[in-house]
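Today I'm looking up the ligand site and what surrounds it.

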Amino acid sequence: MRPRVDREACQGHNRCKALAPELFDVDDLGYSFPLVDEVPDELVERARLAVRNCPERAISLEEDERAPTA
Ligand code: F3S
């Protein structure tokens, strides 16, 4: 699962960083960006929390289509 931030939608509310500092940071202008390419399993709920709490709905989680074959 990949975290995405819509930079045009982000208004710098900073809730993503407050709720999931392992996954999101904000740049010098206050806009969020993901810190990881893949959300570790143990942080999936935290990532979803950030999605739900962004007032601008700027965060999305993209399922990885390349599911591992086992
Ligand atoms: Fe931006 Fe939403 Fe985070 S507006 S700073 S992505 S809480």
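Is Cys-16 buried or exposed? I get 9% relative accessibility for Cys-16, so it counts as buried (buried is under 20% relative accessible area, exposed over 50%, partly exposed in between, with a 1.4 Å probe and protein chains only). Cys-54 is buried too, at 14%.

Ground rules for myself: this is a predicted model, where local features need pLDDT of at least 70 and side-chain atom pairs pLDDT 80 or more, while totals for chains, interfaces and linings use all residues. Residues are numbered from 1 along each chain as its sequence is written, and side-chain values use heavy atoms, without hydrogens and water.

Next, the ligand. I listed the residues around it (a heavy atom within 4 Å), and among them are Cys-10, His-13, Cys-16, Ser-32, Cys-54 and Glu-56. By class, I count five nonpolar, five polar and two charged residues in that shell (Cys goes with the nonpolar ones, Gly with the polar ones).

Then I checked for cavities (sets of points on a 1 Å grid over the protein atoms alone where a 1.4 Å probe fits but cannot get out; lining residues have an atom within 4 Å of a point). I found one of 30 Å³ or more. The largest cavity holds about 80 Å³, taking volume as the space filled by probe spheres set on the points. Its lining has 14 residues, with Cys-10, His-13, Asn-14, Cys-16 and Cys-54 nearest the centre.

Last check: disulfides (cysteine sulfur pairs within 2.5 Å). The count is zero.

Key. On a 1 Å grid over the protein atoms alone, a cavity is a set of points where a 1.4 Å probe fits but cannot get out, and a pocket is an open set with protein on both sides within 12 Å along at least five of seven lines; lining residues have an atom within 4 Å of a point.
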